[in-house]
Amino acid sequence: MRIDVISLFPDFIAQCAVFGVTGRAVERGLLSLHGWNPRDHAQGNYRRVDDRPFGGGPGMVMLIDPLRSALNAARAADPRPVRTIYLSPQGAPLTQAKVHELAGRERLLLLCGRYEGIDERLIAAEVDEELSIGDYVLSGGELAAAVVVDAVARLQEGALNDAESAVQDSFEDGFLDCPHYTRPVSHELGSVPDVLMSGNHGDIARWRRQQSLVRTMRRRPDLFDESALSKADRKLLEQWRAEQAEPDTAS
Ligand code: 4HQ
């Protein structure tokens, strides 16, 4: 997959492709990242990329033309069709389902705004989709674009090693991940739950599933719909509730 990023700080995006899973995806030829600076497409001695907002108010707004020229240069660099995405708090929330959809595309073109944002006419004419990485305000779209690049890169076939398999991650099945433990078995901070040392893979799988369910219910009630649970999941939740009601029966 090829990702092009329009940004006043293209080096920032390039740095995403250096470390860890993303770096490995680039090394393995699964991902290529290309930065485009609208300043290189700006006119005049000052190479302006922004101007004051009509109607007044604080801050600056990014100009249409340097961005449009950078977008067109990025599009022309590869013949395959490309989806243009603007990162902003006004966008639809980025979810793991959306990440899967984006990861299946051959090309993405990510548009990063600075200042107060981008002239709305450029967004209306050139952007296919507006995405937000969360309900908070960044000083630019670069970190949001880096989030998209990272989340999409690790889903490319062959990017993760076997040990890093994505299927168990939080959100892949709509629930939060279960807790994880490693050596030592006993530590002054506590011991590892017995079930994980039991060697009974059925019990371990059920315990992990139960932990995922309970954590999601408690920490993310917005994601949790008890009425949509399978019979098996409902049973795990009922068992957990019974244990809460009578915590001493095991010892
Ligand atoms: N910004 N999710 C404002 C964000 C953001 C977000 C990017 C700040 C766009 C103009 N982007 N600029 N949250 O806060 O994606």
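A polar contact is a pair of N or O atoms within 3.5 Å. This report applies that term to a predicted model and begins with the ligand.

**The ligand and its surroundings**

The ligand is surrounded by 17 residues, and the closest are S88, I133, G134, Y136 and L138.

| Residue | Protein atom | Ligand atom | Distance |
|---|---|---|---|
| I133 | backbone N or O | nitrogen | 3.0 Å |
| G134 | backbone N or O | nitrogen | 3.1 Å |
| L138 | polar backbone atom | oxygen | 2.9 Å |

Taken alone, the ligand exposes 370 Å², of which the protein buries 96%. The largest pocket is the space that the ligand takes. Two elements give two or more residues to the shell around the ligand, namely strand 5 (83-93) and strand 7 (129-132). Strand 5 gives the most, with 4 residues.

**Y86 in strand 5**

Strand 5 also contains Y86. Y86 counts as buried because its relative accessibility is 6%, and buried means under 20%. Although Y86 and I6 are 80 residues apart along the chain, their C-alpha atoms are separated by 9.6 Å.

**Helix 6**

Helix 6 spans residues 142-153 and has 12 residues. From its first C-alpha to its last, helix 6 reaches 16 Å, close to the 16 Å expected at 1.5 Å a residue. This helix is mostly covered, with 9 of its 12 residues buried. The buried residues are E142, A144, A145, A146, V148, V149, A151, V152 and A153. An α-helix has 3.6 residues a turn, so residues three or four places apart point the same way.

**Backbone features in the loops**

The loop between helix 6 and strand 8 (186-187) holds P184. The peptide bond leading from R183 to P184 is cis, with omega near 0°. F171 is also placed in the loop between helix 6 and strand 8. The phi of F171 is near 80°, a positive value in a residue other than glycine. F171 counts as partly exposed because its relative accessibility is 40%, which lies between the limits of 20% for buried and 50% for exposed.

Another loop, between strand 6 (107-111) and helix 5 (120-126), contains Y115. Y115 is not a glycine, yet it has a positive phi of about 55°. With a relative accessible area of 39%, Y115 is partly exposed.

Conventions. Residues numbered from 1 in each chain as written. Predicted model: local features only at pLDDT ≥ 70, side-chain atom pairs only at ≥ 80, totals over all residues. Heavy atoms only, no water. Expected span 1.5 Å × (residues − 1). Buried < 20%, exposed > 50% of the residue type's maximum accessible area, 1.4 Å probe, protein only. Near = heavy atom within 4 Å. Polar contact = N/O pair within 3.5 Å; in protein donor to acceptor, adjacent residues only side chain to side chain. Areas by Shrake-Rupley, 256 points an atom, 1.4 Å probe, with all protein chains shown as cover. 1 Å grid on protein atoms, 1.4 Å probe; cavity = no way out; pocket = protein on both sides within 12 Å on 5 of 7 lines; lining within 4 Å. Sits in = over half its atoms within 2 Å of the grid points.
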